[in-house]
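Dear colleague,

I am handing over the structure below, which you have not worked with before, and I would be grateful if you could look through it with the notes that follow it.

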Amino acid sequence: MGSGSWESSAARSRFQAAWFGVLLRHSVNVLCGVVYLSFPPRTGVGVAVAVVLIGWGSFRLLTRSMTSSTVVWADYVLVVVVAVTIPSTTEGIDVVSSNSLPLAVSGSAVLSFAFSQRHWQAVLAAVGIAVAFAVGLSGVVGVESPWTVFWPYFFLVQCAIGIFLRQLVERGARAADAAGEQLAETERDVAVAQARREYQREHWATVHDTAAATMLMIGHGVPLTQERVRRQAARDLQALRSAPALESGEQIDLRRILDDIAVESGLAVSVTGAELVRVSGTLAHAVAGAVREALTNVERHSGTRAASLVLRESGVDIVDAGTGFSAADAADTEGSASTMGHGRGIAESITGRMTRVGGSARVESAPGAGTRIVLDWDTESATVATESVAGDAARVWELSDPARRAFRLSRGYGLGLVGVAVILTTLIPVRLYGPELVTEPTQMVLIGVLFGVIGLGACTVTGMAVPRWAKAAGFAAVSVVTFVQPFTTDDAFGTGEHWAFGMTGWVLLPLLLTSPVRMIMAALVFLRVVTAAAAVIGGEMNAGTFELFGYSLASELAVQMIAGFFATDLRRTARLAAEESEAQSSLIAGQEIADRVQADYRSRYTALEETTVPLLRALAEGSITADSEGVRARAAVESARMRRLFLHADGQLQLHPLAREIQDLTALGEQNGVSVVVEIPPDLSSVDRQVRSSLLAAPALAVAAARVHARIVVTETPQLQVSVVADCDPTRVDDLEVVETAGIQVRVEYDEGLVWVQATAAPTSARAVTLSEVAP
């Protein structure tokens, strides 16, 4: 959350409120001082006050001091002094009904303290300023009682409005922070869950490297001694039974693990180098798996029976003096899902395994020059255990709604401005006309027009769709009222019954609240231009009018602009909260999908154990032998099943509906003792249920008729095809040729004991289906 010098949206909001308070207070003070010195008459006290306002205000704006209580007290004392010197700074001005230097300075100070100080401090400051203003009014000729004047009471209303608006902005900022914190917490939860899945994936990779390799060698009839089979079967049993344990933070001696691997290997393995290297359990698990795979590759491909392990503080070297291989040739095999040679073992079981724990692996080999595999890791992160949550209990991913709260607050701020417009549009004319207002039809019509625009503004801030033409009409109506109202009374411009002077900007703000800030600023300035045009046309543009304009710009326009800035900031905060909540929703949705997929993998792994463990146990105990035809067939089936499980865990197979049905078909073949190999492209187009059923009708018969092995291949170029090659009984070929499927072309060929069945569906324009779109 946040950037730069702000740690959070709440901190940023507090900083902005403090700065806006200083900006509002002292920009008004400087401008009022300049206006006072520009237009006579002047008094000695008034000149002194104006000079102090300009000097102190300039100093505060340049230094931007916002944290010192001393300067805030100095600000407050200066405002009180200005208020009590009303008789010396308002000569020639009707201070009761017109704008003036003390009124502009006092009113802006009340709002600025409400924006920048604690609530109770702002209230006390407003009361003090109101009392000081009343004291100043008591010295004005013609004012019998200062408490009958409107302005001291209005200061308290201004304070309440300022506190309310600031409270809305701060609550919106806290809502955005809550959304950010919730997103961060969700990201941590997702990272922990991902770490747990990666750790479980490491276990599946170990199964691939151990039990799957053993089953593959037995299934292919590789000559193995009885003792070798028993030793490997015992090792594989231990790997299968060692479900991924969650990290406790305990450090593991990697040298001891390498010594154990050397003993259990079928090679003559020497371990040299560091005597003690402690690493986290996650890293130790990954290094052990990579070393085992490397030694398995040495045994199967190198042509030598010896290897050496060299342990370093930050890595392990696996070295053999065998035949070596071409790294380019190995890389070419990585893309094949059916390859079991160097490419698959190096890319996934060695390089991939080390990469997942933040390490690296590189291979140095050439034909006839032996092979050196270098595993490296960061020594600083080697001792950091993977954070995780104990237990496999289902996680509940919850999402609160700070974004909605932030938008409600943004709407509340807009409604607050609507309330300000209603109060001012009601109180100011009533104050000027009193009960006689209802007898002034022209004034009532103008007020009614403004209330209509306020209604449009209320619709805008509550989220209702207000057409642009309606907003333009509202803006035009406010402009017309601002221009026309001065001509409806005989009072001097900007005094007496000229109630629209400066006030109509508050009516316009709610209507433009969702507009860019530059448009809000331009509209507010335009209303002042309209007012000036009315003064020029009415022939009242004189020094007194200029002075009133200056005070209006200094107080009313500045406050309205800052209210617009606050609205923009609150909208930005609400958008930020919405983006973070949307990101959290996306994370949660992805996590739920990943959890369901992981549960599916886990159930398949459990089913695999039910058939693989008894076979390995019998081999380890010596009750069956690897040279038996039945054992070899069973081993081939188990090898293929483990292979598919690892591909699923590795993300190479999707849970496309067609892939699911092929999995069921594969399970059927394996129940009959058939080793089934499946190749499915990573992305398939969406396929209708009826088409899937028809497409698999003939291939299903071929798998069911297979005796020992079958291979299922799915392609889409662009026709979707499912091909099966199986060693079927020749008498079953006729059954395949008579299969009738609507819209599916079936081709059957038989040659030297193998049946080839190809089912082709007509091409469709359906889009590819991704994992996130597939229902569990």
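**A sheet and its surroundings**

Ala 706 has Cys 728, in strand 10, as its bridge partner. Please keep in mind throughout that this is a predicted model. The two strands concerned, strand 9 (residues 706-716) and strand 10 (residues 720-728), pair in the antiparallel sense, and 8 bridges join them. As a general point, the strands of a sheet pair through backbone hydrogen bonds, either parallel or antiparallel.

Both strands belong to an open sheet of 5 strands, whose order is 8-9-10-12-11 and whose pairing is mixed. At the edges of this sheet are strand 8 (675-679) and strand 11 (744-751), each of which pairs on one side only. If direction is ignored, neighbouring strands of the sheet are turned by 10° against each other on average. Helix 22 (residues 697-705) lies across strand 9, strand 10, strand 11 and strand 12 (754-761), and helix 22 runs at about 20° to strand 10.

Ser 694 is a residue of helix 21 (residues 689-695). Is Ser 694 buried or exposed? Ser 694 has a relative accessible area of 11%, and therefore counts as buried, since the cut-off for buried is under 20%. Leaving aside residues up to four places away in sequence, Ser 694 touches Thr 741, Ala 742 and Ile 744.

**Two helix pairs**

Two packed helices are described by the angle between their axes and the distance between the axes. For helix 3 (residues 69-84) and helix 5 (residues 101-116), the axes come within 9 Å and cross at roughly 150°, so helix 3 is roughly antiparallel to helix 5. Their crossing is left-handed. On the side of helix 3 the contact involves Val 72, Asp 75, Tyr 76, Val 79, Val 82 and Ala 83, which meet Leu 101, Pro 102, Val 105, Ser 106, Ala 109 and Phe 113 of helix 5. By class, the residues of this contact are 10 nonpolar, 1 polar and 1 charged.

The axes of helix 14 (residues 441-461) and helix 16 (residues 504-511) come within 7 Å and cross at roughly 30°, which means that helix 14 is roughly parallel to helix 16. Helix 14 contributes Leu 450, Val 453, Ile 454, Leu 456, Gly 457, Thr 460 and Val 461 to the contact, while helix 16 contributes Thr 504, Val 507, Pro 510 and Leu 511. The contact of helix 14 with helix 16 has 8 nonpolar and 3 polar residues, with no charged residues.

With kind regards

Note on methods: Residues numbered from 1 in each chain as written. Predicted model: local features only at pLDDT ≥ 70, side-chain atom pairs only at ≥ 80, totals over all residues. Heavy atoms only, no water. Axes fitted to C-alpha atoms, helices over the stretch in contact; angles between N-to-C directions. Helix = DSSP H or I, 4+ residues; strand = E, 2+ residues; numbered from the N terminus. Parallel < 35°, antiparallel > 145°, perpendicular 65-115°, else oblique. Left-handed = near helix turned anticlockwise from the far one by under 90°. Contact = heavy atoms within 4.5 Å. Nonpolar A, V, L, I, M, F, W, Y, C, P; charged D, E, K, R; others polar. Pairing = 2+ DSSP bridges. Buried < 20%, exposed > 50% of the residue type's maximum accessible area, 1.4 Å probe, protein only.
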